[in-house]
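Open the model in a viewer and keep the selection tool at hand. The stops below go from a sheet to a helix, then to some backbone geometry and ring pairs.

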Amino acid sequence: MIKRLSLKNQFILTFASVIFLSLISTICSLVLLYYFLSVYNEKSVQPANYYEKKVPSIEKFVELKGEKILEVSFQKNLEKVIPMEGITYQVINLRGNKIYGTLDDQLIENNKSIYEKVNRSDQKGKVITKYLPILDKNRMEGVLAVRYVLASSIDYYIKYIFLIILLIPFLFLTLYSYVFARRFGKELNKPIKELSAASQKIKNQDLDFEIKYESENEIGVLIDSFNSMKEELKTSLYLQWKLEQERRDMVASIAHDLRTPLTIILSHVEVLMDPSLNGQKRLPQYLQTIKNNTQRVLHLTEEMKRVSEVDNPDFTLDIEGVIPIEMLPEMLEEFKKWAEDEEIKFTYSLNRKPGEGNSEFALDPKRLHQILTNLISNSIRFTPVNGSIDVQVQIEKDMMSFSISDTGKGFDTKDLPFLFSKFYQGDPSRNDQLHHGLGLYIVKELVIKHGGEIHARNNEPQGACIEFTISSINKK
């Protein structure tokens, strides 16, 4: 649920959660601390004069042990009697020098003042220092100074309790900030790592991936944009790679198609230039061969020019308003005469809906003639003598459909998906010296620019059929 919020709202919610949980935890901790103090201190809290009451027992021990207390080796025995948690002490000889003890202060300045302090107490505020004489046969050998504080044990720990109370909120703030920041960081770190890895993949030209992040926040929008950019880049690179492959194929195909006729021309020219050979009788034959191959080269360059035209992004159609029922018969009659010259039967029919016979249609008549010329010339080229070609045209207000069928060999099934690809020549039996795999590509591009589609199939039982549609430009 939180992932669906914006990063700003997630941060606000996280911050509020840290404050709320810290507050609740602090209150619970203070309640527990109060309960602990109220229960535990009933047994552990000592009165203010607690250590003062221990002094008489220490004094009796000193009287009992006498000068043994002055021996450093007796320190452990003395500390068993003195409550070390609340009393500090110092054993002093008659010269006022410290022998041992937990007090480091210089308590007695000289041997005269030592007698003045015996059985007396020094008080500085709540701090009391009492001097107990160390006697041996009623003769003083030294002094035991003990120091304690007139304060209950709760007073001793109160500063730590206040410190704990002050630190508890900050401890919980730190703890929950760390926990939530770590969690929040993980949520951000995962998509960022995926974006970084994806960028590296793009750098390596690997675009077969998708980043999934189900959220509508800023990260989700960023990842959606990144995925969209990747798809656009993938499409762009695919087109670039495709164009590059087409360019290589084009160069290879042009080189192949130019090499053969130019080689033939060169060889025939060399023969004609050799004075040792009597080529007068074969001169017309050689010149005819040179002419034919020169025409092949010119035909290829002309088709390349047309391909360059239709592939140019600035290519536009020269749109005119025409009446198909008046324009098409003139075009088709031209093709009919061409077919009959090749002893091929040519038929055509124009079909239209009632009332649409004289409707105006917006198209480029020169490009339509180019389309029909290319397709029908192919049919004439591959239809045998006494074969037939039939053209069916369906005329509607905004669309014309064409079907061109012949009784030739037809297409190889494996060639059908690639017939309209640039430089695809397919089955050699349907090719001739003037076929370079560009004519059908040009036709397809011109049909598409007229808003139509084109398809090829085989007739039953024999022959090929190409169907295409073009739309009236006014329709758009």
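The model is predicted, and the residue numbers start from 1 along each chain as its sequence is written.

**Stop 1: the five-stranded sheet**

Select strands S1 to S5. They form an open sheet with the order S2-S1-S5-S4-S3 and antiparallel pairing. Go to the edges: strand S2 (98-101) and strand S3 (121-124) each pair on one side only. Viewed across the sheet, neighbouring strands are turned by 20° against each other on average, direction ignored.

For one of the bridge partners, pick isoleucine 128 and look across to tyrosine 148 in S5.

**Stop 2: the loop between S4 and S5**

Select asparagine 138, in the loop between S4 and S5. Most residues other than glycine have a negative phi. Asparagine 138 is not a glycine, yet its phi is positive, at about 60°. Is asparagine 138 buried or exposed? With a relative accessible area of 77%, asparagine 138 is exposed, since the cut-off for that class is over 50%.

**Stop 3: helix H8**

Move to residues 324-341, helix H8. Its 18 residues reach 26 Å from the first C-alpha to the last, close to the 26 Å expected at 1.5 Å a residue.

Colour the buried residues of H8: Pro324, Ile325, Met327, Leu328, Met331, Leu332, Phe335 and Ala339. They cover an arc of only 150° around the axis, so they sit on the same side of H8. Then show what these buried residues pack against:

- strand S6 (320-322)
- strand S7 (345-352)
- strand S8 (361-363)
- helix H9 (365-382)
- strand S9 (388-395)
- strand S10 (399-406)

Step just past the end of H8 to glutamate 343, in the loop between H8 and S7. Glutamate 343 has a positive phi of about 60° although it is not a glycine.

**Stop 4: a cis peptide bond**

Select glutamate 460 and proline 461. Most peptide bonds are trans. The bond that joins glutamate 460 and proline 461 is cis, with omega at about 5°. Proline 461 has its place in the loop between strand S11 (454-458) and strand S12 (464-471).

**Stop 5: aromatic pairs**

How many aromatic pairs does a search of the whole structure find? It finds six, and two of them are worth a look here.

Select tyrosine 50 and tyrosine 51. Their ring centres are 4.9 Å apart and the planes are at 80°, so this pair is edge-to-face. Tyrosine 50 is partly exposed at 24% relative accessibility, while tyrosine 51 is buried, with a relative accessible area of 14%.

Finish with phenylalanine 346 and tyrosine 348. Their aromatic pair is tilted, at 6.4 Å centre to centre and 55° between the planes. Phenylalanine 346 counts as buried at 4% relative accessibility, whereas tyrosine 348 is partly exposed, with a relative accessible area of 26%.

Notes: Predicted model: local features only at pLDDT ≥ 70, side-chain atom pairs only at ≥ 80, totals over all residues. Heavy atoms only, no water. Phe/Tyr/Trp six-rings, centres within 6.5 Å; stacked < 30°, edge-to-face > 60°. Buried < 20%, exposed > 50% of the residue type's maximum accessible area, 1.4 Å probe, protein only. Helix = DSSP H or I, 4+ residues; strand = E, 2+ residues; numbered from the N terminus. Expected span 1.5 Å × (residues − 1). Arc of directions from axis to C-beta. Contact = heavy atoms within 4.5 Å. Pairing = 2+ DSSP bridges. Axes fitted to C-alpha atoms, helices over the stretch in contact; angles between N-to-C directions.
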